[in-house]
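Work through the exercises below with the structure open. Each task is followed by a solution in steps.

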Amino acid sequence: MAIVDLVMPKLGESIMEATILRWHKKEGDHINMDETLLEIATDKVDSEVPSSAEGTIESLLYGENDVVPIGAVIARINTNGVMNAGETATPVATAQPAIEPPAPDTVAEQEVPYQPARAEAPKIQGAARFYSPLVLNIAANEGISLAELEQIPGTGNEGRVTKKDILQWLETGRKTSTTPAVQIAPSRTAVAETEVPAAATAYEGNVEVIEMDRMRKLIAKHMVDSKSISAHVTSFAECDVTNIVLWREKVKKAFEQQEGDKLTFTPLFIEAVVKCIKKHPWLNASVDGDKIIVRKDINVGMATALPSGNLIVPVIKDADFLNLTGLAKKINHLANAARGNKLKPDETQGATFTVTNIGSFGSLMGTPIINQPQVAILAIGAIKKRPVVVETEQGDSIAIRHMMFLSLSYDHRVIDGALGSTFLTSVVKELEGFDVNRVI
């Protein structure tokens with residue numbers, strides 16, 4: 001009998017842990033190679049984890065909603081002697097009748113050789129307590145010392161402190177707590193004060209209270225953090241995209257027949273943005289303290305609305321190496337994967353500049369919030385027909401043109417108004433100078 005350990009996969013350079021949303025199998029079930037075993041969530045994206053072996057589920061080492069470190073063993077699969085390429089079997093220890101059977105705690109430890117966040121024994125005073133990176137980050141930001149962290153009662157697995165626990169401590173427990181880290185015999189009054197939750201807020205009138213889902217909470221935090229980190233400035237420009245509209249209308253059917261993908265406006269806009277980033281590389285930067293990190297790779301994030309109403313930003317990696325056809329195919333793939341919840345973790349990381357097409361929902365213009373740690377984001381408004389003054393060699397005339405607004409939000413710590421406006425004007429000129437005789 002061979003046992004294969006399935007570990008929490010690496011989901012990106014900056015991701016240290018993931019939350020188990022749902023197990024698709026239970027212990028004793030049979031599973032095929034590459035069949036989905038569980039769904040996980042990070043602060044970037046939800047994704048499915050396939051099985052790396054075929055066999056029977058021997059054990060599931062974590063429960064749903066558990067936060068698991070990257071690299072930790074999450075399940076064991078009994079392959080029944082059938083090994084798959086690249087797998088390493090873990091031999092199962094044979095019983096030794098001559099030796100007295102170990103205590104129940106010891107047996108549990110032998111069956112689960114690596115469980116970093118699921119200690120079997122109760123916490124002993126003075127022993128090291130495990131805290132997730134998220135909890136440690138909150139503690140660092142709020143000035144909570146390790147001694148104070150030890151006082152926080154945990155409601156997670158084996159008394160583990162969760163995000164909810166530390167936030168509740170900040171709201172209630174920390175304000176009133178003057179007790180030492182450990183009380184041998186707390187009074188009945190103290191216990192009551194600790195266990196009584198804060199009174200629910202009363203809302204007047206006819207209202208519906210909706211709890212934010214996990215993704216909406218992450219978006220909210222990300223947006224608030226961005227406004228507090230970057231000095232936001234937004235510049236606006238008007239753009240005549242008549243040439244682009246007429247050219248796309250002329251070639252879109254032939255493009256779809258030739259390439260098997262639809263040609264939207266988005267790849268045309270992103271192509272122009274990439275060209276302008278090459279001329280103004282500081283727009284493709286980030287800030288680290290008092291250092292400006294200018295990125296040589298141009299990875300364009302495209303804000304995408306999900307059916308749930310939430311927002312996600314898949315990334316077009318190395319966009320400057322893709323032609324128009326390549327951009328169209330990549331954009332369609334990422335958009336479809338995002339709406340179908342099929343994005344891979346790597347497809348939402350590494351963006352150096354973001355484009356959001358608010359015009360697809362009818363907005364003329366907006367003031368987008370910078371996607372940290374980037375320094376700029378471009379919003380594209382709706383294309384509308386309007387009478388405008390057109391300058392020709394024969395004189396000025398009024399014509400009906402396809403017009404749209406562009407708005408660029410940028411970090412004033414790095415990009416001054418001159419550079420921000422110059423970049424925005426460069427994008428306008430690139431779009432207005434589009435060649436109507438271009439071939440696909």
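**Salt bridges in a predicted model**

At 26% relative accessibility, K252 is partly exposed. The model is a predicted one.

**Exercise 1.** Find which side chain K252 meets in a salt bridge, and state where the two residues lie.

Solution. Step 1: K252 pairs with E249, at 3.4 Å from N to O. Step 2: the cut-off for a salt bridge is 4 Å, so a nitrogen and oxygen within that limit count. Step 3: K252 and E249 both belong to helix 7 (residues 242-259) and are three residues apart, about one turn of the helix.

**Exercise 2.** Decide whether K221 and D225 are buried, partly exposed or exposed, and describe their contact.

Solution. Step 1: the side chains of K221 and D225 form a salt bridge of 2.8 Å, N to O. Step 2: both residues sit in helix 6 (residues 214-229), four residues apart, about one turn of the helix. Step 3: K221 has 45% relative accessibility and therefore counts as partly exposed. Step 4: D225, at 28%, also counts as partly exposed.

**Exercise 3.** Locate the salt-bridge partner of R22 and say which strands hold the pair.

Solution. Step 1: R22 forms a salt bridge with E39, and their closest N and O atoms are 3.0 Å apart. Step 2: R22 is in strand 2 (residues 17-23) and E39 in strand 4 (residues 36-41), 17 residues apart, so the pair links distant parts of the chain. Step 3: R22 has a relative accessible area of 39%, which makes R22 partly exposed.

**Exercise 4.** How many salt bridges does a search of the whole structure find?

Solution. Step 1: the search finds 17. Step 2: salt bridges also link K275, K279 and E430 in a network.

Note on methods: Residues are numbered from 1 along each chain as its sequence is written. This is a predicted model: local features need pLDDT of at least 70, side-chain atom pairs count only at pLDDT 80 or more; totals for chains, interfaces and linings use all residues. Side-chain values use heavy atoms; hydrogens and water are left out. Buried means under 20% relative accessible area, exposed over 50%, partly exposed in between (1.4 Å probe, protein chains only).
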